[in-house]
Every structure is written in structure tokens, then in C-alpha cells.
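Please open the structure in a viewer and keep the selection panel at hand. The stops below are given in the order in which they may be visited.

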Amino acid sequence: MSLARTFHRTPTIDALRAQVATIEQNAVGGRKIISLGLSALDAALPEGGLVLGGVHEATGSAAGCFVGMVATQLEGPVLWCVDVDARTKLFGPGLVSFGLHPVRVIVAHCRGRTDLLWAMEEGLRTSALMAVIGEPLGIVDLIASRRLQLAAEAGETLGIVLNVEKEVRFAPSALESRWRIDSEPAVDLVCPRWRVVLERCRGGVHEPYWIVERDETKGHFAVVTAFGD
Amino acid sequence: MKRRVISLWLPRLATNRLRNRKQSAALQSGQAPLRRGYEDQSPLIVVTETGGRFLVVALNYEAEKAGLIVGMTLPDARAVFPAVTVAFADPTADAALLDRLVAWCGRYTPWAAAEGGDGIFLDVTGCAHLFGGEAAMCADLMARLENFGYVTRTALADTPGAAWALSHFGKSGTVVSSGEMGDTLSCLPVAALRLDPGTVSDLAQVGVRTIGALHNMSRASLAARFGDVVGQRLDQAFGHIREPISPRTPVVQFRARLAFAEPIALITDIERGVQHLLDDLCRKLIEAGQGGRQLLLILYRVDGEVFKTVVGAARPTCDPTRLARLFSGRLCGFEPAFGVDVMTLTASVTEPMTPVTPAMRHILPPNQAICSDGLAPLIDCLGNRLGFDQVVRLTAIESHLPERMVKATSALDDTAIFAWPLSPSRPLRLLGWPERIEAILPEQDPQASPLSFQWRRTDHEIRLSEGPERIAPEWWVEGDPTRTWDYWRVEDTMGRQFWICRHGLLRPGESPEWFMHGLFV
């Protein structure tokens, strides 16, 4: 399963990583992390889970699936920032079947990217929130991503940027990690499948990917197959 | 505390307005401004048309000196002084100007109201010490208005009636000490009691010319002859019956004020001033056990401009730092120009600081109740920029139609019911509006789910499908109740899942339409 993890790990590299981490003044283990609920995915991350005081980006046609995975692991309120110009809107009953009860979700309708990024930043600084999800239209550039990352570190809140832009793959970013999630043909309609790729991650391994399935009747995720690079 | 009232009279409001407008137009077009006292001093009259005649309704000092009077016709006025400048009356502009001036008077007292078409009453009870005494306050008021280009007459007395009488018929700037109105009023003419001209001339016919003479007459005979109004005006002037002043804005209980000896023009200084005001106001709120829901900040610029900004809070609050954050973004649009010399902060809406209805908490699913107290600052912050109706939580409505079953409620409304019905699997996102798709149906069974469909110019071949789930329209809402909605959850060859629906039935004479309604991730 954790084939990917052992791939590039040598004591020298680990020592260097620790050194870099001390320079960055957030030593590994000093930050709170949450599990993704899937040990294979957790193992691919350098800290054994998603860093709580950090912003993660999910791209691809099924980026929203990432929220579903995280939502099962989190309790407490969530701020979801959407653009008023977006073509779709969140649907309450859908949130229920997604595993994120609408009572936990504060939806902020923002006019334009500037307002949306500002709202995300404000949310990330609020430690009363567990997570902040944002769906900006267009790419989050280096400066914006750095600001979000700093805000998340200040509030120890988990940030998730959902982005469906195709060019996002090559955009520079200061976010913790970037995932690409696309649909995969499922066996059963109520067990949709996705291909989850960890495109980049600070101090992580190179592009491992998995096929993940969600059993809607039970509401949990499972890894069907895992692949290394 | 004894009531003290200033009556401010602007006897030449209309002509002052016209000349001031001309002055500022000259300034804007880059001409050399005329120095105060050297303005255009030609006679100016304002006329209005009544019954086919043009009558003079207002005139400036120079016109009066040239022998013109209010009430004469335009040809008469032109005959007396042919070179007179004539303007048409604009009562709306005059009223708007008076309204602006009443707002400006907020720098002296929150309790100011317009009186007639050209006067303002200011209830200055307990305010005078802020301006160095009553006489100094009157002088300051007059000096500032004269500097703006208005002719003013003021008087300060115990009652609005007495102040009005003195401002119109006494010496301008008179300050009558508390309780000593009698002598001053006695020698004024009866017209100073705000009586109509008919009554004044009737009184003159019986030899009553001064208020003193009127005061000595028996009330019964006065009432028999002139009705109640004369006695009532007399009592109002002497303070025997109370005459209320209706303030322009509701008078609030919680207010803080800051004045500067020298105007301040730096935004950072103004922000510090706001912080000072907030500390002051919050202390008052805490003492009263109240929290502010809406705060109004007013900045009075030295040039007479008034800048107002309002912030709202989702929960009553009296935390100065939190409120200061809400104000910080608001001052960006403010142009200090020559500076601000007075600023006031009022809590226009307050509520008692009580804990949030804990009784309602049990309605929420136990582990999912959100701790809204900790979130209130965030909601305020977001709400003030995005609008409080844009920061919401989704609640269920008893309806089966997907478009109608979700309602947005205030994010902090813990009393809202979040009990969602356990419905079959639903998409995470709905399209803002169902989009028409082209569906290809299997030939042998046209009632089944389509084989493929085209949406946004892309073909999707269906691998898996589940349905139909029929959602009947609500007959009590408008629309065609006979056309049903049948929903399918489908997955295409790429694994993408969609929520598509068929509107209407496949039967002779009817062709159903297909729509894309939602996406599952």
C-alpha cells in the first residue's frame, strides 16, 4: 500500500528535511495534523496527515470529493466561500448525503475573487472554525496563496481551495499540498470512484495516486488500488 | 436639568443658497474666488408664479435696501430697480439645504429639528459646557454659518416659543438666563408668538400690540374672541405647557462625542479618534448591560460636510477592539479635505446582553450544533463587507421540489430548524437554472433512462443509471401541474455523475424535455 512512501526516503534526505523544517520554524510534529481517514493517503504525506494550520488545494473535475474526505474527519463549523457568479450552487440535501451536515456549514456568497480570498483569509484566522473551503474562479496566484497560508498558520485552521481550472497544474503556489481528483468509472452508482493524485506536497513524495471509492450507504471512503510513481 | 433651546433663523436662506452656489461654481471652474465680504452684492430676488402673476418670495439685503419687498409682483420690482437679478423659487432645494443644515447641527446636539421653511430648533440642554458656555455656543454657531455664507439670527431661551420670538424679533445672539424670560418677552410684538397675520391685526385693532399686554388680559375673553391658539402660544412661550421638538433622527441613549481644538486630517488620527469613541461608548453600554447591534459614526468636516457610516453586528456586542475592526475598512472612502473637528458615535440599535437562547440548542443534532458565540466576530466581519444576507446557513423547507427545499437563513440563527429529511441520494450542487440537454432514448423502451445525452456541446454516454424518481409539482404554486418531473442519477463513461430530469411524459401529443439539474461532486 505505502509503496510510494518508501520511494525517496533516505536518512540523509530526512535529516535535511528536518533541518529545513527547523529553519522554517515549524518543526515536524509541532503542528497539528488530521488524518484523511485513509492510511495509504496519510502515509504519502510527510507529517502523516493533513497539516491543520495550512491550506490545501484540490483540482480536477471532482475536486469536491476532497472536502468529503476531510469532512468525515472533522467536527465543528466550516466556512464555505462561493462566488455569486458560479454556475452551480450548494444544495442542502446534497450536503447531507455528502457527509457534511448543513448545520455546520456557513456559506459566504462573495462578489468576485478579491472578496472571496479576503473572506477565506478572515475565516482562516478564526480559530472557532474547523475548516475554510473556497472556490475562487481562476487561479490562486503565489501572493494570494502565501497570504492564505499565513492566515491558516495564524488561526490553526484547515483551508481547502477548490479549483477546476486546467492550467492550475503548473501555477506556482505557496500552499501545503495540491491534489488532483478526477472521476473514475464506478461499479455501482452509490459507490462513486475517483482517481486521487497528490500532485505536489511540501516535503512529500512525487505524484503517488490512488483509486478511492466512497460507499454512500455507509458514508466512508476506501482505497481500491494504490499506485506509485 | 432645565430645558434650553436655541432657535436658529436663516432669514435669507433662498438667496444665500443661490449666491453660495454661484460662489462654489466659480471656485470649481478655476476662477479667482471672491473674498468673503466682497461677493456679488447686486440685488437678487426670488419669484414664484401664483395665479398667473410672479410674486417676490425672497430677496437679499441689497434688494431690500433698493426698496423691494416680499409680496410685490415682478413688474413692480423691475419698475423700482430695473437691473435686479431674478431667480425662480426652488422649494425642494431649499428644503434639502435646510435638511443638510439640520444634519450639520448634529455637531452641537443630536436633538435638532427643522422649524418652518427657514428655521432650526436645537435642544441644547446640557450641551453648552462643551462649547464654553451658552453665549459662546451661540456665537460659534453663528460664526460658522456666516462663514459658510448664510445670514443667521439666533436666540437661546428656556422654551422653543421664547427662543423663536427672540430670534425673529429680538436682538440676534440673545441668551436669556434660565427663568428670566418674562421681561424680555413682554416688550416684543404679538407677532413674535407665531400667530397668523389675521390674528395679529385683530389684536392690534383692540389695542394689544405687545406680548406683555396680551399676557395681562383675561384668558377667558381671549379664548372667546380668538380661540385657543393665542392662549396656547402664550403658554408655550412662557413654558407653562411643553412644546416638543421632534428630532431629525431618533434620539439615542448611547452616544459618544469627540471634538478637536484643531481639525485633524490624517486617517490614522481619525482612526485613533474612533477607537477613543468606541472605548467611551462601550463603557456606557457595559454599565447599562446593553450591547450594540448597529453603530453610526458621524464625522463633521470643517467645511460643513457630514460623513456618515454605519456598521452592523450579528450579535449585540460591547467589545471596542472588535467594533474597531468593523470600522477600519469604512474610513477608506472618506476624504478628510481640510480636516474633521467633531466626531460622534451613536449606538443606534442596542439589545440587552443576554446569553443566546440555550433552550433552542437541543433542536440541533447533538454533535453538530455549532458554537455560534465564537463565530459572531467572523460573521460580523464578513457581513459588513459582503452583506448580512450573503453569509448564511442552509435550512430545509417542507417541499419536495429541489429548487424550493433550501432556504438561506442568517448564519447565527440558532433557532432555525436544521432537520433535513432523509432523502435519497442528492447531488452536492444544483445548477443555478436547469439546462436543457439533448437525450437519446433507447428505441425499444423509450420510458427508460437515456442512452446518452449532449450537455454544453459535449456528449456523455451513460454507463449506469438509477431512476426514475418522480417529483410531482406542487399544484398550489403556479405552473403547469400536470407536467411531472422524473429524475435520474446517471454516470457517464468517465465516471462523472449527473442528476438529469425529464419534464413531462412521453405520450401521444406530448414530447418531454430533458434537463441537467445537478452535479454529484
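**A hairpin in chain B**

Begin with strand 17 of chain B, where B:Glu461 is the bridge partner of B:Ser452. The model is a predicted one, and local features are described only where pLDDT is at least 70. Now select both strands of this pair: strand 16 (residues 452-455) and strand 17 (residues 458-471) of chain B run antiparallel and are joined by 4 bridges. The hairpin that they form has 2 residues between the strands, and B:Arg456 takes a positive phi there, near 50°.

**The five-stranded sheet of chain B**

Move to the open sheet of 5 strands in chain B, whose order is 5-6-1-7-8 and whose pairing is mixed. Which strands stand at the edges? They are strand 5 (112-115) and strand 8 (174-175) of chain B; each has a single partner strand, so one side of each is left without a neighbour in the sheet.

Within the sheet, select strand 1 (residues 5-9) and strand 6 (residues 119-123) of chain B, an antiparallel pair with 5 bridges. B:Ser7 has B:Phe121 in strand 6 of chain B as its bridge partner.

Two helices may then be displayed against these strands. Helix 4 (residues 91-104) of chain B lies across strand 5 and strand 6 of chain B, and runs at about 155° to strand 5 of chain B. Helix 6 (residues 160-169) of chain B lies across strand 1, strand 6, strand 7 (153-157) and strand 8 of chain B, at about 35° to strand 1 of chain B.

From here, select B:Ala165 and B:Ala191: their C-alpha atoms are separated by 8.3 Å, although the two residues are 26 residues apart along the chain. B:Ala191 belongs to the loop between helix 7 (181-186) and helix 8 (197-205) of chain B. Is B:Ala191 buried or partly exposed? It has 19 C-beta neighbours inside 10 Å, and therefore counts as partly exposed, because a buried residue needs 20 or more.

**Where chains A and B meet**

Show both chains: 44 residues of chain A are in contact with 47 residues of chain B. On the side of chain A that touches chain B, helix 3 (64-71), strand 5 (88-90), helix 4 (92-98), strand 6 (105-110), helix 5 (112-125) and strand 9 (177-184) of chain A each supply at least two residues. Helix 4 of chain A gives the most to this side, with 7 residues. Colouring the side by class shows 23 nonpolar, 12 polar and 9 charged residues.

Strand pairing also crosses between the chains: strand 6 of chain A and strand 13 (residues 391-396) of chain B pair in the antiparallel sense over 2 bridges. Centre the view on A:Val107, which stands opposite B:Val392 in strand 13 of chain B.

**Helix 6 of chain A**

Finish with helix 6 (residues 142-155) of chain A, whose 14 residues reach 20 Å from the first C-alpha to the last, close to the 20 Å expected at 1.5 Å a residue. Its buried residues include A:Ala144, A:Leu148, A:Ala151 and A:Gly155. Among the elements that cover the buried residues of this helix are strand 3 (54-59), helix 5 and strand 8 (158-163) of chain A. A:Glu156 follows helix 6 of chain A and has a positive phi, near 50°.

Conventions
Residues are numbered from 1 along each chain as its sequence is written. Chains are lettered from A and ligands numbered from 1 in the order in which they are written. This is a predicted model: local features need pLDDT of at least 70, side-chain atom pairs count only at pLDDT 80 or more; totals for chains, interfaces and linings use all residues. Two strands pair if DSSP finds at least two bridges between them. Two residues are in contact if their C-beta atoms, placed from the backbone, lie within 7 Å. Axes are lines fitted to C-alpha atoms, for helices over the stretch in contact, and angles run from 0 to 180 degrees between N-to-C directions. Ala, Val, Leu, Ile, Met, Phe, Trp, Tyr, Cys and Pro count as nonpolar, Asp, Glu, Lys and Arg as charged, and the others, Gly among them, as polar. The expected span of a helix is 1.5 Å times one less than its number of residues. A residue is buried if 20 or more other C-beta atoms lie within 10 Å of its own, exposed if 12 or fewer, and partly exposed in between; C-beta atoms are placed from the backbone.
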